[in-house]
Amino acid sequence: MELPVAEPGTERGEGPLIQCPYCDSEAMHKLAQILLPGLAAVCVDGTTGDPFHSPSVVAVDLRREMVDYITQRSESFIADALIESEANQEGPDAAVPDDPFEAVSVFMDDFGSTKRNIIGHVSGWLLSDSRDDKIDDLVQEMEATRFWPLERREAVAETLLKNVDLRTRFHCPEKYESEARLADHKQQCSFRPVACPNDGCRARVSVRCARDHDAACPYKPLQCEQGCEKRLLRRDMDRHCVTVCPMRPMKCPFGCDSSFPDRDLEKHCAQFLRPHLIKVLKAIHKKARSEDELKDLALKLEKVRLLTHTFVNELNIHCF
Ligand SMILES: [Zn+2]
Ligand SMILES: [Zn+2]
Ligand SMILES: [Zn+2]
Ligand SMILES: [Zn+2]
């Protein structure tokens, strides 16, 4: 049965239309990322318990088969979705799945299930840790040997993305009669790629995604979140905040309940010298004296000024 899938613009009866080539490069990249573990899973499931084949030996053939299979599925994706919605008597809109990543994952799973051997079908295997470990190992091996380099996966991913992204959230659907008009459009196209302006970041993102990328870009220079003077890259922020930031929250080393920025430690110690002394003395004279006696003793010690912060700190080290 021929399904009435109208190509936008073709009904005008003019020459063949040229489609804008741009798509959301981050989405394409993300899709390319899931292809490798997808293939590794198929290779592992297909050879588990098979003494004659290792997963990496079957990988070459399975890669070709898998790419053919998922590409074909992506091409008939819209038709399949319409058939399903008719069968379920839903409106046409209900039929349009809007997550390309989920769609491609389903294609890969379906392909994988046709390749599973006996053990691969045994219940529990698919959820087992040893399966996950084998898949991880194979992915690492494939990455190390550049078995299926990212650039080549991205080319596959681009085709898949354009085929299954029915709501055109991740690729540009515009088509034009002439190269000249297409060229004009490309200058304005919201999917046109731009380089991330942050130093060190090599991402190229669609104009429409540039703001989202910037809000998450690891190379974006930011003011310290805890409010110290320092400007640093987003990717260094967490470490800075817990290790060297002078504003990182400290707990009092004497065990009072207050917490304060690291740089205020001395100020805090000076301010709470007496309560700290009492705590120290309590630790030394565990049972001997009453609260009042200890307060008295602290007062005397404070007056004698024998205990500087350093000394108190030392006591702290020895006594707690
Ligand atoms: Zn465009
Ligand atoms: Zn960036
Ligand atoms: Zn800081
Ligand atoms: Zn304190």
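Which residues does Leu 39 touch once neighbours within four places in sequence are left aside? I got Ala 59, Leu 62, Arg 63, Met 66 and Trp 148.

**Helix α2**

α2 covers residues 55-75. I checked the length: its 21 residues should span 30 Å at 1.5 Å a residue, and the end C-alpha atoms are 28 Å apart, so the two agree. I also looked for a bend and noted one of about 40 degrees at Asp 61.

**Helix α6**

I ran the length check again on α6: 16 residues should span 22 Å, and the end C-alpha atoms are 22 Å apart, which agrees. Ile 135, Leu 138 and Met 142 are the buried residues here. They lie on the same side of α6, because the arc they cover around the axis is only 65 degrees. Their packing partners are α1 and α2.

I turned to the face of α6 that points away from the buried side. That face carries the exposed residues Asp 129, Ser 130, Asp 133, Gln 140 and Ala 144.

**Positive phi**

Most residues other than glycine have a negative phi, so I searched for exceptions. Arg 146 is one, with a positive phi of about 50 degrees. Arg 146 sits in the loop between α6 and α7. Is Arg 146 buried or exposed? I counted 10 other C-beta atoms within 10 Å, so Arg 146 is exposed.

Thr 168 also came up, with a positive phi near 45 degrees. Its place is the loop between α7 and β2 (175-176). Thr 168 has 13 C-beta neighbours inside 10 Å, so I put it down as partly exposed.

**Whole protein and confidence**

I stepped back for the totals. The protein comes to 14 helices and eight strands, and 20% of its 320 residues count as buried. Of the contacts between residues at least 6 apart in sequence, 56% join residues at least 24 apart.

How does the confidence look on average? The protein averages a pLDDT of 83, and 82% of the residues score at least 70. Strand β5 (residues 221-223) has the highest value, 97, and helix α14 (residues 309-319) has the lowest, a mean of 54. I flagged residues 1-12 as well: pLDDT stays under 50 there, and the model has ten contacts beyond four places in sequence for that stretch. Where pLDDT is low, the predicted coordinates should not be read in detail.

Methods
Residues are numbered from 1 along each chain as its sequence is written. Chains are lettered from A and ligands numbered from 1 in the order in which they are written. This is a predicted model: local features need pLDDT of at least 70, side-chain atom pairs count only at pLDDT 80 or more; totals for chains, interfaces and linings use all residues. pLDDT is the predictor's confidence in each residue, from 0 to 100. Helices (H or I, at least four residues) and strands (E, at least two) are DSSP runs, numbered from the N terminus. Two residues are in contact if their C-beta atoms, placed from the backbone, lie within 7 Å. A residue is buried if 20 or more other C-beta atoms lie within 10 Å of its own, exposed if 12 or fewer, and partly exposed in between; C-beta atoms are placed from the backbone. The expected span of a helix is 1.5 Å times one less than its number of residues. The bend at a residue is the angle between axes fitted to the seven residues ending there and the seven starting there. The arc is that of the directions from the helix axis to the C-beta atoms.
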